[in-house]
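Student: Could you take me through the place where the two chains meet, slowly and in plain words? I would also like to see how the parts around it are put together.

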Amino acid sequence: MPRSKSRKNRPKAHDGASVLIPKVTPKRFYGQGIPGIDSDSLTGKLIVVEGADGSGRSTQIARLVQWLEATGHHTIQVGLKRSTLVSEELEQAQQGNILSRTTLSLFYATDFADQLENTILPALRAGSMVIADRYIYTLMVRGLVRGVDETWIRNLYGIALAPDAVFYLEVRPDLLVQRVFAKNQSLDYWESGMDLGLSRDMFDSFLRYQALMRDTFRRLQQTYGFDIIDAERTPDEINQELQRRIEAVLCGQD
Amino acid sequence: MKQTFAELGYPGRLIAVEGLDGSGKSTQIYLLKRWLEMQGLKVFFSEWNSSALVKSATSKGKKQNLLTPTTFSLIHATDFADRYERQLVPLLKAGYLVLCDRYIFTAYARDVVRGCPPEWVRGVYNFAALPDLTFFFKAGLEVSLSRILDNRPTLKHHEAGMDLNLSPDPYESFRIFQGRIFEQYLAMSTEFGFVVMDANQRIEEQQGIVRRLVDSHVHLDQFRLAKAA
């Protein structure tokens with residue numbers, strides 16, 4: 001099998017037989033990490049897509065997986081509330097709306113840790129690409145807008161591996177609400193932040209909650225340095241930008 | 001530095017018991033509870049690992065051995081947080097005497113023995129205030145072990161610390177695991193000002209000491225149930 005000689009010669013998706021070998025770059029945990037895990041053994045890439053419902057996250061992820069597989073990279077997908085351990089219980093608890101904020105944060109952290117240890121880390125050790133449909137940042141932002149202590153939640157997620165790339169798909173709230181309606185005809189209780197008591201009116205609450213989330217994401221961006229992607233453009237334009245940035249990651253560039 | 005509920009200005013008081021399985025702590029807190037109740041005081045009792053909500057996830061995780069040290073720690077922290085936010089704090093605000101069979105120190109000891117970094121575990125539980133009084137029931141390790149092991153019980157996987165691969169024999173694993181937890185308790189004893197109880201004494205002797213100490217630390221008269229007008 002011929003290998004690509006340089007990036008310039010790299011064939012575009014679907015037509016090439018040569019496959020780019022991703023450059024292994026050092027990984028680190030945000031804090032103490034997971035007991036007994038050597039981050040040097042993780043040769044795959046962890047790519048995170050963050051963004052509100054309606055920001056085009058799922059569409060972009062589906063396309064990225066398609067593209068990565070077409071270019072010869074084994075790809076694994078993870079996301080929130082998908083753990084074997086607590087996903088059902090978490091769903092139930094959310095339906096009942098009975099959990100306090102610390103409990104809910106810890107429950108989500110359990111779900112995250114279960115996927116981190118049983119899916120993400122083994123896949124990275126095997127050299128796969130891991131695409132995460134949201135990661136610790138959404139969980140942190142949700143906690144923060146509900147008044148959870150920032151030092152506390154940072155320590156909690158000290159177990160997390162720092163991804164190779166994080167893309168935050170940003171859409172302004174008034175456009176987001178239009179996109180949600182185009183798809184669902186109704187607003188979700190949690191995505192409208194109704195538990196915060198910002199407004200009794202769901203539409204109004206949605207706009208205020210999403211603005212709060214965006215501001216908090218931007219604030220976290222300054223610490224965690226993720227890429228803010230203008231997601232008000234067409235899906236094609238967004239996907240091209242994501243592919244370009246991911247290619248740089250595969251070549252070992254920051 | 002963490003503060004106690006009294007220091008934080010809560011009208012209620014929290015009393016916790018800690019110790020190994022088989023140290024007799026549950027017997028002692030039960031007798032304390034009966035004594036307080038019979039005086040007509042506002043008492044609430046809470047056990048470790050008992051939140052209904054998290055229970056199904058915890059038992060599934062334990063049965064299927066899905067838990068790692070990190071998820072074991074987090075799922076117990078979730079359970080504790082649920083009880084803390086929905087029961088303990090509201091009751092302490094309402095001026096109750098809250099009795100806890102195990103508190104955050106159980107997690108500090110167990111999770112660290114399982115390999116979680118101590119600073120991380122303490123950070124996770126940072127939302128919880130310290131008890132106003134903590135009794136540590138210190139029996140000789142052999143005494144605690146024989147109280148549990150003499151009946152040759154079927155030890156559960158995590159109870160025996162089998163997840164740590166200390167020994168293929170559950171009884172031997174249990175001994176080593178409990179020994180390590182015991183060391184953690186001893187190390188925390190001075191740091192957190194535990195009242196160290198000689199758990200080799202007779203039940204009545206211990207209960208006498210517990211009641212006298214509670215009586216001298218807490219103004220029990222303030223915890224009378226309001227009489228109906």
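Tutor: Let's start at the meeting place itself: 25 residues of chain B are in contact with 26 residues of chain A (contact means that the C-beta atoms of two residues, placed from the backbone, lie within 7 Å). On the side of chain B that touches chain A, α2, α3 and α5 (118-124) of chain B each supply at least two residues. Of these, α3(B) gives the largest share, 11 residues. Sorted by class, the residues on this side of chain B are 13 nonpolar, 9 polar and 3 charged. Here Ala, Val, Leu, Ile, Met, Phe, Trp, Tyr, Cys and Pro count as nonpolar, Asp, Glu, Lys and Arg as charged, and the others, Gly among them, as polar.

Before going on, please keep in mind that this is a predicted model, in which local features need pLDDT of at least 70 and side-chain atom pairs count only at pLDDT 80 or more, while totals for chains, interfaces and linings use all residues. Residues are numbered from 1 along each chain as its sequence is written, while chains are lettered from A and ligands numbered from 1 in the order in which they are written.

Now look at two of the helices just named. Two packed helices are described by the angle between their axes and the distance between the axes. For α2 (residues 52-63) and α3 (residues 69-93) of chain B, the axes come within 9 Å and cross at roughly 160°. Therefore α2(B) is roughly antiparallel to α3(B). (Angles under 35 degrees count as roughly parallel, over 145 as roughly antiparallel, 65 to 115 as roughly perpendicular and the rest as oblique; axes are lines fitted to C-alpha atoms, for helices over the stretch in contact, with angles from 0 to 180 degrees between N-to-C directions.) From α2(B), the contact uses B:L53, B:V54, B:A57, B:T58 and B:G61, and from α3(B) it uses B:T71, B:I75, B:T78, B:D79 and B:D82. By class, that contact has 4 nonpolar, 4 polar and 2 charged residues.

Elsewhere in chain B, B:I29 sits in helix α1 (residues 25-38). B:I29 is buried because 22 other C-beta atoms lie within 10 Å (a residue is buried with 20 or more other C-beta atoms within 10 Å of its own, exposed with 12 or fewer, and partly exposed in between, with C-beta atoms placed from the backbone). Apart from neighbours within four places in sequence, B:I29 is in contact with B:V17, B:L99 and B:D101. B:R102 lies in the loop between β3 (97-101) and α4 (104-113) of chain B, and with 22 C-beta neighbours inside 10 Å it counts as buried.

Over in chain A, A:K81 is also not a glycine, yet it has a positive phi of about 55°. This residue is in the loop between β2 (75-79) and α2 (87-96) of chain A, and it counts as partly exposed because it has 16 C-beta neighbours inside 10 Å.

For the covered parts, turn to helix α4 (residues 136-145) of chain A, where 8 of the 10 residues are buried. These buried residues pack against β1 (45-51), α3 (101-125), α5 (150-156), β4 (165-170) and α7 (202-224) of chain A. From the α7 side, A:L220 touches A:Y137, A:M140 and A:V141, not counting residues up to four places away in sequence. With 21 C-beta neighbours inside 10 Å, A:L220 is buried too.

Beyond four places in sequence, the contacts of A:V130 include A:I76, A:V78 and A:I120.

Notes:
Helix = DSSP H or I, 4+ residues; strand = E, 2+ residues; numbered from the N terminus.
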